[in-house]
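Have the model open beside you as you read.

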Amino acid sequence: MQIGIIGSGAMGSGIAQIAATASHATLIFDNNPGALHRSAEKTAAGLEVQVQKGKLSKDEAERILGNITYVSNLSACSNCELIIEAIVEDLDIKKTVFRELEMIVSKTCIIATNTSSISITSIAAACETPDRVIGIHFFNPAVIMPLVEIIPAIQTNEETLKKSCEIIASWGKTIVKAKDTPGFIVNRVARPYYGEAFKIMEEGLADMATIDWALKEKGGFKMGPFELTDFIGHDVNYAVTESVWSAFYFDARFRPSISQKRLVEANFLGRKSGKGFYDYAEGSIKPEPLKNETLAVEIFERVLVMLINEAADAIYMKIASPKDLETAMTKGVNYPKGLLAWANELGIEKTVSILDGLFNKYHDMRYRVCPLLRVMVEKKTQFKFV
Ligand SMILES: NC(=O)c1ccc[n+]([C@@H]2O[C@H](COP(=O)([O-])OP(=O)(O)OC[C@H]3O[C@@H](n4cnc5c(N)ncnc54)[C@H](O)[C@@H]3O)[C@@H](O)[C@H]2O)c1
């Protein structure tokens, strides 16, 4: 089966490599010849590193590269049975490309988008056959991250969904299904990890080093929220938060942080620019956390209950199944535990009590408790997710 990838940037290049590794004849198109050239060089160099490390044989690397063809004409994709678009995050440009694709490919070709933040339904609406359009959302770096969210638009037919799931699972990826709503699963449910941490810092309850330490020490997270957003890049992380917030009609739960906005304005984008919340200049000294156990537990539980509330809301609103939600958060953002398992462990009653305490303190709707959690307290039930 021929696979077409549109856009040879970070995501397109990775997805093309995955498809080629799975033995598909893979075509990758970009309207910028320089980008195509860079993609070819980067993929070859990445595979060479694997060969040098002994993780891949030379023959295998050559086989993968041999399966990828870099094309400068969209019409070369006419025989593809699955096309995954990974171009710039702009609805109008994506719509134009989808319309062009429809004129080239067969009626049965699945046309997917890797968008992080645009509604799949709105992209599908540009097409004459919207029922073959679907979201197939890889995580960065696509070659390494195991999770792929599959998001049917409201127009998508069962056959497209089934076939997409089969193909992506056959590439060795872990798939989860999500409803076409802002942020899908991971980019929605993970928001409080950043937002609540930033708010705790802005209120002066603790400094960033202490918050990072508390979440690693008490929660087992691999990176604290300040370290992690410095790593992701504040331009990228802030853009996702702002897009989820506005797409949810400015719901207070997703309200962005002014401190982070200022970093973006100052071009303090994190590690990639040498400065973010922390300073990465040579010789700079990382601030020390205040290792206070009581404070650490307070910080950790406040962030955790906000994450649990968001996870519960995603279940309540039928965004994903409980099982897929657990998989998404452990494989998409490497959380040490699924949030529903964590809720059971912390206790649903305690979760609700902490959230109610925050609501009473702030009178801010961001702390409103998900109705599902209230019902669970009444009925004394726990989450089931197997
Ligand atoms: N980077 C991430 O972390 C990430 C993660 C998941 C999903 N995504 C999504 O994947 C998509 C691509 O992101 P990226 O980070 O790879 O972007 P990128 O900027 O690295 O690459 C985009 C590529 O698309 C090309 N392009 C732009 N317009 C085009 C057109 N009309 N026709 C053909 N090619 C065109 C550009 O030349 C560029 O090479 C976006 O929709 C983004 O939201 C990104």
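Start with helix H9 (residues 208-219) and helix H10 (residues 225-232), which pack at an angle of about 100 degrees with their axes 7 Å apart. Helices (H or I, at least four residues) and strands (E, at least two) are DSSP runs, numbered from the N terminus. Axes are lines fitted to C-alpha atoms, for helices over the stretch in contact, and angles run from 0 to 180 degrees between N-to-C directions. Angles under 35 degrees count as roughly parallel, over 145 as roughly antiparallel, 65 to 115 as roughly perpendicular and the rest as oblique. H9 and H10 are therefore roughly perpendicular to each other. H9 brings Met208, Ile211, Asp212 and Leu215 to the contact, and H10 brings Pro225, Phe226 and Glu227 (residues are in contact if their C-beta atoms, placed from the backbone, lie within 7 Å). Sorted by class, these residues are five nonpolar, no polar and two charged. Here Ala, Val, Leu, Ile, Met, Phe, Trp, Tyr, Cys and Pro count as nonpolar, Asp, Glu, Lys and Arg as charged, and the others, Gly among them, as polar.

Before going on, a word on the source: this is a predicted model, where local features need pLDDT of at least 70 and side-chain atom pairs count only at pLDDT 80 or more, while totals for chains, interfaces and linings use all residues. Residues are numbered from 1 along each chain as its sequence is written.

Here are the helix pairs side by side.

| Helix pair | Angle | Axis distance |
|---|---|---|
| H9 and H10 | about 100 degrees | 7 Å |
| H11 (residues 234-247) and H12 (residues 258-265) | about 135 degrees | 9 Å |
| H14 (residues 322-332) and H15 (residues 339-346) | about 100 degrees | 8 Å |

H11 and H12 are oblique to each other because of their angle. Their contact uses His234, Asp235 and Tyr238 of H11 and Gln260, Lys261, Leu263 and Val264 of H12, a set with three nonpolar, two polar and two charged residues.

What about H14 and H15? The angle of about 100 degrees between H14 and H15 makes H14 roughly perpendicular to H15. Pro322, Leu325, Glu326 and Met329 of H14 meet Leu339, Leu340 and Ala341 of H15, and this contact has six nonpolar, no polar and one charged residues.

Now step back to the whole chain, which is divided into domain 1 (3-180) and domain 2 (187-386); the bounds come from an automatic or database domain assignment. The C-alpha centres of domain 1 and domain 2 lie 30 Å apart. Each domain gives 11 residues to the contact. On the domain 1 side, strand S7 (147-152) and strand S8 (174-177) are the elements giving two or more residues, and S8 gives the most, with three.

Which residues are closest to the ligand? They are Gly7, Gly9, Met11, Ala35 and Asn140, out of 22 residues that surround the ligand (a residue is near if its C-beta atom, placed from the backbone, lies within 6 Å). Helix H1 (10-21) and helix H4 (91-104) each give two or more residues to this shell, and H1 has the largest share, three residues.

Asn140 has another feature to look at: a cis peptide bond joins Asn140 and Pro141, with omega about -5 degrees. Pro141 sits in the loop between strand S6 (133-138) and S7. Phe184, in the loop between S8 and helix H7 (186-189), has a positive phi near 50 degrees. Most residues other than glycine have a negative phi, and most peptide bonds are trans.

Note on methods. Two residues are in contact if their C-beta atoms, placed from the backbone, lie within 7 Å.
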